[in-house]
Structures are given as C-alpha cells and as structure tokens.
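The stops below are meant to be selected one after another.

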Amino acid sequence: MPHTTTPATDVHAGPTWRIASPRGRLVTIEGVWGAGKTTAAQLVGARLRRAGFTVQVIHYGGEPGSIGRLSAFLERSPLRARTGLGGYAMPHHSTIDVLLRLCREAHHHVSCFRPALAAADVVLVDHGVYSKLAWALAVLTETAPDTDPARTLQHLRAVVAPWFCEPDVPVYLDTPWPLARERAIARGRGGGDPAAIERLLFLPRYTAAYRQVLAGHKDQVARVRVGLRAAGDVAEEITGRLLGVLRAAPLSATAPGGR
Ligand SMILES: Nc1ncnc2c1ncn2[C@@H]1O[C@H](COP(=O)(O)OP(=O)(O)O)[C@@H](O)[C@H]1O
Ligand SMILES: [Mg+2]
C-alpha cells in the first residue's frame with residue numbers, strides 16, 4: 001500500500017523525539033471496527049497530499065520482533081476468546097490483557113508516531129488512538145461492573161500519560177455499530193466473522209465507552225456522520241475540516257497551504 005508506514009521501522013529513533021519537538025499534526029481516524037477508518041485515511045491522505053502537505057498514513061502492518069510476538073499472542077491467545085453467548089473460554093485476566101495491549105500501544109506511539117510527526121506535516125493514524133482506551137475501558141468495566149467507569153478511565157489515562165500522543169484532531173467516524181458490523185462482515189476480515197458473537201455482544205459497550213473517552217476531548221473531536229454516505233463524500237468532509245485547521249494555524253512559515 002503506498003505511503004503506508006508500519007511501526008518500528010527504526011527502533012533506534014527513540015531518543016530523537018525527546019530532543020526535537022514534533023512538527024506535524026497528529027490526526028487519528030477513530031471509530032468502531034468497520035466504521036470506514038482505513039478507507040477514509042487513504043482517501044484523506046491522498047487529498048491532503050494534493051493540497052501540498054507531506055502526509056504519512058500509519059497502518060499497523062506486520063510488526064517485527066517482540067512486538068510482533070506480543071501481537072500474535074494477544075490476537076490468538078484465549079485471553080479474550082468467548083464461547084457461545086456469554087462468558088470467556090477461561091478466566092479472563094482483563095487487567096493483564098489491557099496492560100499488554102497498552103504496552104504494544106506505547107511502542108507504536110514512541111517508535112512510530114513520534115518519528116513520523118518529526119518528518120511529516122500530517123500523520124494520519126487509520127485505527128484511532130482513543131479506540132484503544134475505549135476498548136480497555138469497555139473490557140475493564142465489563143469485568144469490574146461495580147467500579148465507577150469515570151474512575152476506571154481516570155486510571156487508564158494515568159497509565160498511558162507518559163507516552164500517549166494526544167491527537168491534534170481526532171476524527172470520529174460516527175457509523176452506527178450495526179452498520180459498521182455489516183461492513184466488517186462483508187469485508188471478510190478484522191471482525192468480519194459473522195460467528196464472532198463476541199463482537200456482537202461487545203459492540204454496544206465499546207461504542208458507549210468510546211463516547212465516554214471522546215467526551216473528555218470534545219473541543220478537539222471532529223465528528224463525522226457516515227451512515228450511507230459514499231466514502232469519497234466522507235473523505236471530502238474530513239479533508240475540508242482538516243484543511244481548515246491546518247490553514248488556521250500553520251505548522252511553520254513554509255507549511256504548504258498555510259498562506
Ligand atoms: N462510506 C462507505 N460506504 C460503504 N462502504 C464503505 C464506506 N467506507 C468504507 N466502506 C467499506 O466498509 C468496509 C470497512 O471499511 P474499513 O475502512 O476497512 O473500516 P475500518 O478500518 O474502520 O475497520 C470495507 O469493505 C470498505 O470498503
Ligand atoms: Mg481498518
């Protein structure tokens with residue numbers, strides 16, 4: 001896929017970001033599985049490039065080394081496997097599951113997002129970052145229903161604070177989860193298993209948790225209604241909104257589109 005960056009291409013880039021301040025804008029495309037994030041990121045990336053910006057679209061591809069092995073473990077292990085209509089296949093250690101996933105996410109923020117931000121005007125993340133907090137919140141509140149979700153979110157935010165790259169513009173694709181699920185099934189991968197009852201049960205909670213996470217950033221969030229609109233139309237709206245932000249506060253004197 002052109003202009004797509006996979007994480008950890010330069011694992012030694014770490015110290016650089018501590019010295020050089022990031023110059024680009026971080027734009028994350030947020031939404032549930034099948035909401036249209038990857039599709040929108042590719043289309044918006046192309047449009048922003050045509051407008052003269054340097055853009056990196058970040059998509060989690062193959063991951064090398066220990067992060068790859070961690071990913072494989074998280075995807076294939078029975079930690080989150082459910083059977084039938086309820087319950088997990090075995091005791092679900094949600095805190096450990098969440099922590100391991102956040103370790104992987106920390107790697108992406110530090111080794112992938114930050115170097116990309118130092119090199120491009122716009123870094124577009126096609127799977128969201130608040131999505132990870134929303135997922136964690138949904139899982140933790142499910143397994144500890146007596147704890148106040150606001151408090152759980154507060155704890156999560158504290159855990160990720162040292163490395164989390166807050167997006168300048170989180171674009172939330174507001175696709176109703178039943179429609180997103182249909183599209184994920186039609187796509188045939190990444191949640192596309194019609195028998196994946198886990199997702200059917202999980203999606204309403206995940207959507208609610210997502211809204212809770214985004215509510216903490218409502219001044220930044222660009223909410224885009226997707227519904228039955230064509231992907232190109234959605235991308236046009238996102239691009240227009242991003243160009244507005246980029247041109248209102250240019251990155252530097254030479255930033256394209258900033259005049
Ligand atoms: N606006 C749209 N209208 C119809 N189908 C769409 C639209 N956006 C995306 N799709 C299709 O829906 C499926 C899921 O989209 P994708 O971008 O992969 O979602 P995500 O990255 O959020 O999981 C894909 O098959 C894609 O082609
Ligand atoms: Mg995707």
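Does threonine 39 count as buried or exposed, and how many C-beta neighbours does threonine 39 have inside 10 Å? Select threonine 39: with 20 C-beta neighbours inside 10 Å, this residue counts as buried. A residue is called buried if 20 or more other C-beta atoms lie within 10 Å of its own, exposed if 12 or fewer, and partly exposed in between, with C-beta atoms placed from the backbone.

A note on the model and the numbering. This is a predicted model, in which local features need pLDDT of at least 70 and side-chain atom pairs count only at pLDDT 80 or more, while totals for chains, interfaces and linings use all residues. Residues are numbered from 1 along each chain as its sequence is written, and chains are lettered from A and ligands numbered from 1 in the order in which they are written.

**The whole chain**

Colour by secondary structure. The chain has nine helices and six strands; these are DSSP runs numbered from the N terminus, helices being H or I with at least four residues and strands E with at least two. Of its 259 residues, 36% count as buried. Two residues are in contact if their C-beta atoms, placed from the backbone, lie within 7 Å. Among the contacts in the chain with a separation of 6 or more, 82% are between residues 24 or more positions apart.

**Ligand 1**

Now select ligand 1 and its surroundings. The shell holds 18 residues, and the closest are Gly36, Lys37, Thr38, Thr39 and Arg183. A residue is near the ligand if its C-beta atom, placed from the backbone, lies within 6 Å of it. Two or more shell residues come from each of α2 (37-50), α7 (177-187) and α9 (231-248), and α7 gives the largest share, four residues.

By type, the shell has eight nonpolar, six polar and four charged residues. Here Ala, Val, Leu, Ile, Met, Phe, Trp, Tyr, Cys and Pro count as nonpolar, Asp, Glu, Lys and Arg as charged, and the others, Gly among them, as polar.

**Helix α9**

Valine 234 is one of the buried residues of α9, along with Ala235, Ile238, Leu242 and Leu246. They lie on the same side of α9 because they cover an arc of only 95° around the axis, the arc being that of the directions from the helix axis to the C-beta atoms. On the other side, select Gly232, Asp233, Gly240, Gly244 and Ala248, which are exposed. The cover over the buried residues of α9 includes β2 (25-30), α2, β5 (169-174) and β6 (222-225).

**Proline 176**

Move to the loop between β5 and α7, where proline 176 lies. Proline 176 is partly exposed, with 14 other C-beta atoms within 10 Å. Its C-alpha is 7.0 Å from that of glycine 227, 51 residues apart along the chain.

Select residues 130-143, helix α5. Twelve of its 14 residues are buried, including Tyr130, Trp135 and Thr141.

Which residues touch the most other members of the largest nonpolar core? Of its 58 residues, they are Phe113, Val123, Leu124, Ala134, Leu137 and Tyr206. Helix α5 supplies the largest share of this core, nine residues. Such a core is a set of buried Ala, Val, Leu, Ile, Met, Phe, Trp, Tyr and Cys residues joined through C-beta atoms within 7 Å.

**Strand β4**

End at valine 122, in strand β4 (residues 122-125). Valine 122 is buried, with 26 other C-beta atoms within 10 Å. Leaving out residues up to four places away in sequence, valine 122 touches Gly24, Arg25, Val27, Leu48, Phe53 and Val55. Glycine 24 is 98 residues away from valine 122 in sequence and 5.2 Å away in space, C-alpha to C-alpha.

How values were computed: The expected span of a helix is 1.5 Å times one less than its number of residues.
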